[in-house]
Amino acid sequence: MSGLMEHLSIGFGVAFSGINLLVAALGSFIGTIVGVLPGLGPINGVAMLVPIAFAMQLPPETALILLAAVYVGAEYGGRITSILINVPGEAAAVMTTLDGYPLARQGLASVALSLSAWSSFIGSTIAIFGILLLAPLLAKWAIAFGPAEYFVLMVFAFCALTSLLGEQPVKGILAAMIGLAIATVGVDANSGVYRYTFDLPNLADGIDFVVVVIGLFAVSEMLQMLENLLSGVSIDVPKSERKLFNLKEMALTWWSTVRAGFLGFFIGILPGAGASVASAVAYANEKKLIESKDPDAKFGKGDMRGLAAPESANNSAATGSFIPMLALGVPGSGTTAVMMGALTLYNITPGPVLFDTQPQLVWGLIASLFIANLMLLLMNIPMVRVFAAMLSIPSWLLVPGILSISFIGVYAINATTFDLMLVVGIGVIGYFLRKMNVPMAPLVLGVVLGDMMEQNLRRALSITNGEISILFESPISIGLWIAAVLVGVVPPLFRKFSKKNEIHVPAN
């Protein structure tokens, strides 16, 4: 404990210097804006600031604090457009749309924004304390995950996906299959064979996730708004009377927030898993757990627990992804991979010896994460009314504005007009899928997990020359298989058992 306190004193000594406090505040603000803009995302936001930080000759710890604050801030900012206009600001905020947007349509936009900021703060705080207490141990645990374990983790995520299928499981499964199909487009990494590219060179690298998300959510949502505008249908959104959530709502969502925070943290430390997977799994598990006990829960229709869980999980996962970067020298996410590149500019190599050779950088970063997290909470709570005012913008102005921003984000990926045509095509398909009440969340999760699932399965089988037994050998794999079965079987059995008991309750 004395060693931990000594490390914290070093860290806060670094974090509380004037320049580091300034860049933490600046990075938090920039990150929030980056998260709000559809298609930009934390990776692009951090990547744009790397050359600026190096050109300004910032010290390495200051540069890393700036980039980390942008990263965490983007996870906060992504929720804003998800809640207000059903357009995720970045990939990890997709699950926030499921209950955040219905809450906004019920006149609870300010409440939803403030509650999501609070849940994000709790999730990040859980991860920060996790880094402090468990970093060396968890780094060893994360490295125990091989291709087989990652594949079974993806299977577990798909089993958890069953809770997102709602009352029409066939449509949900169809959506997941479409997502998996999209994930197979492009050159096969193992054989070099072109798959489903239709001889179009632009599809050789596959369909970028940002293109899919912007098409399915931003373009299709704007087409829906345009249809309402042209048909004269006006959807009146009640004005929010309250600015903040109350203690009753905090109590209702507390355990969902905490559970999702811990789950997001453990998923976040797995290299490559990311905040998108964490938010999807957390939402699915929370929905299963709560609906098994409370059949009247309104997940997907504006349940505050369905808003709090993914927000806590994605921020916790984003913060947890620093563990493999710092302790193993392995990027925990695409954004931390960019940060590792930034450190190489300073001739610093992340890895096990970093805690000993660069204690000021490591512990200064950890302390600054806590400070930036607190800054983001204090910055976001007072601005909920400002954000909620977006709902009062008339549709004839909002539709072209959102589409313009979205197209800029898509064009910035590869600077090709093909991506713009592709996002429009996907948007039109998404519009008709919505008309048929096909859920978007399973489709997006299929795109997220599809490539990782396929690649890890093929790597695992290549190790054993095709022997499938490798998927059932390690204790981690066995535990995940058991969890996958339980998450698919236990909640329906629990509901059936509860209904049977209710039938046999004698009348008074």
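Student: Okay, so contact means heavy atoms within 4.5 Å; with that in mind, which residues in helix 9 and helix 20 meet?

Tutor: In this predicted model, Phe209, Val212, Leu216 and Phe217 are the residues of helix 9 that meet helix 20, and on the helix 20 side the partners are Met440, Leu443, Val444, Val447 and Val448. Sorted by class, that contact has nine nonpolar residues, with no polar and no charged ones.

Student: And how do the axes of helix 9 and helix 20 cross?

Tutor: The axes of helix 9 (residues 209-231) and helix 20 come within 11 Å and cross at roughly 175°. Angles over 145 degrees count as roughly antiparallel, so helix 9 is roughly antiparallel to helix 20.

Student: Where does helix 20 bend?

Tutor: Helix 20 has a bend of about 40° at Leu449. Its end C-alpha atoms are 35 Å apart, which agrees with the 34 Å that its 24 residues (440-463) should span at 1.5 Å a residue. Just after helix 20 comes Asn465, which takes a positive phi of about 55°.

Student: Switching topic: what about helix 10 and helix 12, how do their axes cross?

Tutor: The axes of helix 10 (residues 247-268) and helix 12 (residues 304-320) come within 7 Å and cross at roughly 30°, and that makes the two helices roughly parallel. Their crossing is right-handed.

Student: Which residues make that contact?

Tutor: From helix 10 they include Glu249, Leu252, Ala260 and Gly264, while helix 12 contributes residues including Met304, Arg305, Ala308 and Ser312. By class, the residues of the contact between helix 10 and helix 12 divide into eight nonpolar, nine polar and two charged.

Student: Last pair, then: how do the axes of helix 2 and helix 16 cross?

Tutor: Helix 2 (residues 18-36) and helix 16 (residues 359-380) have axes that come within 9 Å and cross at roughly 55°, and the two helices are therefore oblique to each other. Helix 2 passes helix 16 in a right-handed crossing.

Student: Which residues meet there?

Tutor: Leu21, Ala24, Ala25, Ser28, Phe29 and Thr32 of helix 2 meet Ile371, Ala372, Met375, Leu376, Met379 and Asn380 of helix 16. That contact has nine nonpolar and three polar residues, with no charged ones.

Conventions
Residues numbered from 1 in each chain as written. Predicted model: local features only at pLDDT ≥ 70, side-chain atom pairs only at ≥ 80, totals over all residues. Heavy atoms only, no water. Axes fitted to C-alpha atoms, helices over the stretch in contact; angles between N-to-C directions. Helix = DSSP H or I, 4+ residues; strand = E, 2+ residues; numbered from the N terminus. Parallel < 35°, antiparallel > 145°, perpendicular 65-115°, else oblique. Left-handed = near helix turned anticlockwise from the far one by under 90°. Contact = heavy atoms within 4.5 Å. Nonpolar A, V, L, I, M, F, W, Y, C, P; charged D, E, K, R; others polar. Expected span 1.5 Å × (residues − 1). Bend = angle between axes of the 7 residues up to and from the residue.
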